[in-house]
Amino acid sequence: MTDYRRARVAGGTWFFTVGLAERRGADLLVARIDALGEAFRTVHARHPFHMDAVVALPDHLHCVWSLPDGDSDYSMRWGLIKATFSRAIKPGERRSASRIKRGERGIWQRRFWEHCIRDDADYARHVDYIHWNPVKHGYVPRVADWPHSSFHRHVVMGVYPSDWGGGKPIVIAGAE
């Protein structure tokens, strides 16, 4: 197995993109938003992290997490979240020969994209990108119209006005 080199910053804040294996036409993440939320809650209870921002789209999700001091193991958390969600979904997805050979489900892409947040401006850009993403992908005309987003919590906290998102798109290099 390939040894992926990932940055490790104990107590760091991270931006993630996690996608389904079959993205074209998929809607599993929003169709089973209940199971996705339960997977996050289950893992969080045993391995805490702070969910700073999140958006679930039909075929992928983005989020920003802050890990506890002294902890850098986001990979373990993602593995548990993916496994917990997968166990809640009835089998039947298409699986490649290599996944069948390894006894793997075919729900998630094997890997994920991570980016260590470097400063306050980087944090703000990534949180904005997360909240803008449903508009970027054409799911809704306004950020506030997408229900599966932490945007609504950020409005209540006073971070954004409820009509935020009418300006230019947010572009983050390397993010999807």
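Predicted model: local features only at pLDDT ≥ 70, side-chain atom pairs only at ≥ 80, totals over all residues.
Residues are numbered from 1 along each chain as its sequence is written, and side-chain values use heavy atoms, with hydrogens and water left out.

Select Arg 77 and Asp 71. They form a salt bridge whose closest N and O atoms are 2.5 Å apart. Arg 77 is buried, at a relative accessible area of 1% (buried means under 20% relative accessible area, exposed over 50%, partly exposed in between, with a 1.4 Å probe and protein chains only).

Next, select Arg 32 and Asp 34, a salt bridge with its closest N and O atoms 3.4 Å apart. Arg 32 is partly exposed at 28%, and Asp 34 is partly exposed at 48%.

Move to helix 5, residues 120-136 (helices, H or I, have at least four residues and strands, E, at least two; both are DSSP runs numbered from the N terminus). Here Asp 122 and Arg 125 lie three residues apart, about one turn of the helix, and form a salt bridge at 3.3 Å between the closest N and O atoms. Asp 122 is buried at 6%, whereas Arg 125 is partly exposed at 41%.

Finally, select strand 2, residues 50-56, where five of the seven residues are buried. Six bridges join strand 2 to the antiparallel strand 3, residues 60-66 (two strands pair if DSSP finds at least two bridges between them). A hairpin of three residues connects strand 2 to strand 3, and His 50 stands opposite Ser 66 in strand 3.

How values were computed
Salt bridge = Lys/Arg side-chain N within 4 Å of Asp/Glu carboxyl O.
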